[in-house]
Protein chains: 4
Amino acid sequence: MSANSWGNHFKISTFGESHGPALGVVIDGCPAGVLFNEALLLENLKRRRPGLTAGTSARAENDMPEILSGVYQGRTLGTPIAMMVRNLDARPQDYSEIQKQPRTGHADDVWKDKFFHTDHRGGGRSSGRETVARVLAGSVAQMMVKQLFPECAITAFSKKIGPYELSSWPNFSGQLLPAHHYPLGFPAENATEVRDFLIKAQKDGESYGGIAGLDIGHPPPSLGQPVFHKLKSDLSAAMMSVGATTAVELGAGVTSSELKGSEFHSSPTSAHYSGIRGGLSTGEPVRMQIHFKPTSSIMDVAKKGRHDPCIVPRALPVLESMAWLTLADHVLWQRIDKI
Amino acid sequence: MSANSWGNHFKISTFGESHGPALGVVIDGCPAGVLFNEALLLENLKRRRPGLTAGTSARAENDMPEILSGVYQGRTLGTPIAMMVRNLDARPQDYSEIQKQPRTGHADDVWKDKFFHTDHRGGGRSSGRETVARVLAGSVAQMMVKQLFPECAITAFSKKIGPYELSSWPNFSGQLLPAHHYPLGFPAENATEVRDFLIKAQKDGESYGGIAGLDIGHPPPSLGQPVFHKLKSDLSAAMMSVGATTAVELGAGVTSSELKGSEFHSSPTSAHYSGIRGGLSTGEPVRMQIHFKPTSSIMDVAKKGRHDPCIVPRALPVLESMAWLTLADHVLWQRIDKI
Amino acid sequence: MSANSWGNHFKISTFGESHGPALGVVIDGCPAGVLFNEALLLENLKRRRPGLTAGTSARAENDMPEILSGVYQGRTLGTPIAMMVRNLDARPQDYSEIQKQPRTGHADDVWKDKFFHTDHRGGGRSSGRETVARVLAGSVAQMMVKQLFPECAITAFSKKIGPYELSSWPNFSGQLLPAHHYPLGFPAENATEVRDFLIKAQKDGESYGGIAGLDIGHPPPSLGQPVFHKLKSDLSAAMMSVGATTAVELGAGVTSSELKGSEFHSSPTSAHYSGIRGGLSTGEPVRMQIHFKPTSSIMDVAKKGRHDPCIVPRALPVLESMAWLTLADHVLWQRIDKI
Amino acid sequence: MSANSWGNHFKISTFGESHGPALGVVIDGCPAGVLFNEALLLENLKRRRPGLTAGTSARAENDMPEILSGVYQGRTLGTPIAMMVRNLDARPQDYSEIQKQPRTGHADDVWKDKFFHTDHRGGGRSSGRETVARVLAGSVAQMMVKQLFPECAITAFSKKIGPYELSSWPNFSGQLLPAHHYPLGFPAENATEVRDFLIKAQKDGESYGGIAGLDIGHPPPSLGQPVFHKLKSDLSAAMMSVGATTAVELGAGVTSSELKGSEFHSSPTSAHYSGIRGGLSTGEPVRMQIHFKPTSSIMDVAKKGRHDPCIVPRALPVLESMAWLTLADHVLWQRIDKI
């Protein structure tokens, strides 16, 4: 597998720098016959777009996707699916100050060491901008999995934004909760208050970490491979491949050692195991929590750099995409388990 | 990549069921000229062996490794390195009861669904027994990385065992702390008390979760790839590929949202970032925490199944091996970054 | 590796149908710091373009490449290099007749079986049009290898076109012979006569097979891996991945059994081994012959389909590109052979 | 994919030096539920064994395979299948002379350059001895494909041995011809004469090249992928990965340019296309010819080295194994072509 590729069967290769001509993806491994849902693609892209929701960064990204190959008359052809979005509103001049003043917490300096010279025009590949390609690919993965397993639903939501945290896991009941209809994807009554909090933070040049919840309802059963490619391993890699993540929890997560085994395993609920046992999906809901550090673009630099005071809300469609990609990969993988 | 393989450049394929003839690994990708340290291999295997340390399971595994290929006159040849250990003390009769009584928390039933019929003789591939192959492979990875980066040191230790937790991160100072010289790899004065606690738990058929700490001192700098193969992503996948894991934290981990950005990023210490920024190693120490649920083999079944009351101590050399494998993979990967 | 991907280290994924919006490639694995030679890219594309040389098909392809990512200020960034060309002159109406009348020797029917429904607009992925993406990628591979091994030169030429065959292997002397300066890449005095022959064949709806010679001068030594990835194996796969190929010969090739071992191995020349021994390049010239069947688009259908009476001349830059890609892959691979 | 691995879905990793402790393979990707035919495995191993048939080398290899994992109660488990044979009759002393006198045509010197130091004990990985692992793996591939496509039959035979050549392609009629019941796998009345010819050649220290025919009857249809993994490309790579091969022909092969297109494509027979069109199998028989150079171990060195005067007869089960592996890979690959 290459550095910018993901998946063993539903494989994607993403490309594009944040301030280069375009970003995109080639999916090599999507079966023929998947109904292509362009509305879904646009909706997912819209959700990760900054500037729409107050409290996220003001960069205007139109992100109109162009389908370059692999789709014809509303279905996938079985050939590679190439998609891209152009970078229209790059404004590299905003970043001129960054070039002189490397930001702690950003990859500016580490990338320079790695690749001789790097593209300072916005962080190159290590910008959050690359995630647009993940959403392009993840949307197709979603189309494929949903066609085979219509009940399967993946919902990411803001579980904690700075000091604000949901009191309990939302009840999705296997259906797609319109979590993203709430401001900041924070499904609580005080979501507007949280938004105002972030707007103020943006003005103050402050930033906050947070927690994203990821709920996979009705996952296809028996996904995962026995040793290294346990479903929990691949999902964790997927989540931790997103920038600014610092921890990932499955089910009981960091509270796993709070119960004795006789208590932990006696429960009829899957909350502790979170729908994955022995590395395989059981078909029960999977619950994950992904932790994010505060964004590093703060103070004066950030004001010009138009970055987010909290990365969690914009990361939600990205996390969902990574989860769809992981499921799609294992759904295909499963086909060669048995004779 | 295949289901039982790991790594993109330093690639391993493991094999073996817990009660089949043998377990082992083929390493396809280890360069020629690595000094083969057989003593290190034996030491690592000894550490994961059950029954040696009071408080771990009583199964007598000799685990004498046999080198089948790839090593000659004390050096690796550049050809595949195949190694195996035979299963001498299998006692499948102990598991006859398990066949009739599937264990909650074990993979017995999920694997049956996946592969038609599965090997009930001890859990097949989903047994902790498969980790012996990881230690075989990880030891060679360790030899390679240490030859190139002698200061690099990886230490896993028990940070929490049931109710007992270390009060702070041990000061490794970039040197290999003999954490495994402490009972249960728990580097604290009350380690013996904790061991007695587990011995009692084993008698009572009780089990406990815990937390392993993983400290990587003096890691090679600039390891990691920009998007999907961030070092933190590959390390997380590595850790979460071990059985019974439920969460993985890097640096500040689940406490990342407790600080404002102005606080989080102002610190000169790398404790928050944990030596990985922009997905790349900075050369500073990397700190991870891996959480484990209580082992599921409890009560009557467990008494006969000779399982561990807490999996953390035995997992330590496995976690170290997975970390070495991940570093080895990226050390080779790094060689093709630049022209 | 995916269906439309090539290479283990210098990896490419191509995309695009012959009558879809665009064709292109993502290179994931090109090191940072390669000097990007856009003139070379344009020259290579021009050589595979139809309609320029009399005797090749009349479709006007402008093939202006667009660099979407991975190149900045004249050098590769180490990030994925995405490139594409738009399909401007598709004329799908020309193929309406083909839809009704499947062509023997074409993939029209076999692809339909494989992927449910396929894109009849010119053969989809199985059209020679897809090779434009190979030339895009191969040109970058050429830049990389040439930067590291300036003397290395790859020349493909028409060795046989229908009844016309070169009397001997041209003497390239390790330098790039301007074989493509001859009509049809046929480096002989009667090249113009051969061209006239093909022009007549095109009018008559007739087609011819032929042989391409491939000469690799001053290849980097020690390329290749011991068992499955012998250099000759990977080169053969590369050549036989091009449409209409029917055989590939290395060195003595199909005449290898004409000499006794005492004769074959006594010669001081490398002509028999062709610069590859034990699966590895020795640094001596490599000579291959690639055989092509007559193109299948003949008679009435072909007249409208604007196809080639002999595929060899247009295949030359494609064969060179595949050879460059194979060398580039092994040049990177070689970097992890030794500690 | 690693240097010693083959296949994208039915993946194998082979190991072992010719004079090390053992040779073997791990198959990671064989589905669960394949009926394990141990008799077939032994029969295939027996066929490649030297010394049994007069005219092949005198080294006594018992090659008793040991199944280390992945098979239980007569079926594959879906877990990795590890198999090995021990090297019992190594006699490294025979090769002491070789160490001092490198053999032209052998890899002795090229491998030394590649890997610093190499194992002179018989050529290490570049010995024909490594093919025993291919036969182990290929036999399992054969079991899998035959279970799904019982009519599929692959037969390799000696088509030419030195000056002796079959006058025509044998009529296999889709059934397994017992070609290997003939001396040297040469299905002709004068097979005994050819054997006597080789016995004399062995005494004289002479060697000969030859041609192997490969007939695939009733192949599964629609195998192959559109661009780089055309079935003909993967089969060619498979054949050319065997030592001493110099050319591979499919169907009309090197005679493809002898006919005009109007002649070539008018024939109702598949002999020209050889059952592969557009890179895909049509279900019709596939015919290939694989050319071998004379073995290089001649004269005085060879007399002690116990090598073959003609490699073709012993290569036959290896070629069959590589073909089975390629089919098995594409049979699994085909499962993810469509939604």
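Two strands pair if DSSP finds at least two bridges between them. The model described here is predicted.

Within chain C, strand β8 (residues 153-161) and strand β10 (residues 210-217) run antiparallel and are joined by eight bridges. I154(C) has I216(C) in β10(C) as its bridge partner. In a regular strand, side chains alternate between the two faces of the sheet.

## Helix α4 against α9 in chain C

Two packed helices are described by the angle between their axes and the distance between the axes. For helix α4 (residues 131-148) of chain C and α9(C), the packing angle is about 50° and the axes are 7 Å apart. The crossing of α4(C) past α9(C) is left-handed.

On the α4(C) side, the contact is made by T131(C), R134(C), V135(C), A137(C), G138(C), S139(C), A141(C), Q142(C), M144(C), V145(C), K146(C) and L148(C). The α9(C) side contributes P317(C), V318(C), S321(C), M322(C), W324(C), L325(C), L327(C), A328(C), V331(C) and L332(C). By class, the residues of this contact between α4(C) and α9(C) are 15 nonpolar, five polar and two charged.

Chain A contains nine helices and 14 strands. Of its 339 residues, 68% are buried. Taking the contacts in chain A between residues at least 6 apart in sequence, 74% join residues at least 24 apart.

In chain A, helix α4 (residues 131-148) and helix α9 (residues 312-333) pack at an angle of about 50°, and their axes are 7 Å apart. The two helices α4(A) and α9(A) are therefore oblique to each other. Their crossing is left-handed. Residues of α4(A) in the contact include R134(A), M144(A), K146(A) and L148(A), while those of α9(A) include P317(A), M322(A), W324(A) and L332(A). The contact of α4(A) with α9(A) has 15 nonpolar, five polar and two charged residues.

## Enclosed elements of chain B

Strand β7 (residues 81-86) of chain B has five of its six residues buried, so it is largely enclosed by the rest of the structure. Strand β3 (residues 22-28) of chain B pairs with β7(B) in the antiparallel sense over six bridges, and G24(B) stands opposite M84(B). Strand β4 (residues 66-69) of chain B also runs antiparallel to β7(B), joined to it by three bridges. Here the bridge partner of E66(B) is M84(B).

Helix α6 (residues 231-240) of chain B is mostly covered, with 10 of its 10 residues buried. Among them are the charged residues K232(B) and D234(B), along with L231(B), L235(B), M239(B) and M240(B).

## Buried loop residues in chain D

P294(D) sits in the loop between β14 and α8 (299-305) of chain D. The residue is buried, with a relative accessible area of 0%. Leaving aside residues up to four places away in sequence, P294(D) touches S256(C), L259(C), K260(C), G261(C), F264(C) and H265(C) of chain C, together with S207(D), Y208(D) and G209(D) of chain D. The C-alpha atoms of P294(D) and A271(D) are separated by 28 Å, the two residues being 23 apart along the chain.

L184(D) is in the loop between β9 and α5 (191-204) of chain D. L184(D) is also buried, at a relative accessible area of 4%. Between the C-alpha atoms of L184(D) and V248(D), which are 64 residues apart along the chain, the separation is 20 Å.

Methods:
Residues numbered from 1 in each chain as written. Chains lettered and ligands numbered in written order. Predicted model: local features only at pLDDT ≥ 70, side-chain atom pairs only at ≥ 80, totals over all residues. Heavy atoms only, no water. Helix = DSSP H or I, 4+ residues; strand = E, 2+ residues; numbered from the N terminus. Axes fitted to C-alpha atoms, helices over the stretch in contact; angles between N-to-C directions. Left-handed = near helix turned anticlockwise from the far one by under 90°. Contact = heavy atoms within 4.5 Å. Buried < 20%, exposed > 50% of the residue type's maximum accessible area, 1.4 Å probe, protein only. Parallel < 35°, antiparallel > 145°, perpendicular 65-115°, else oblique.
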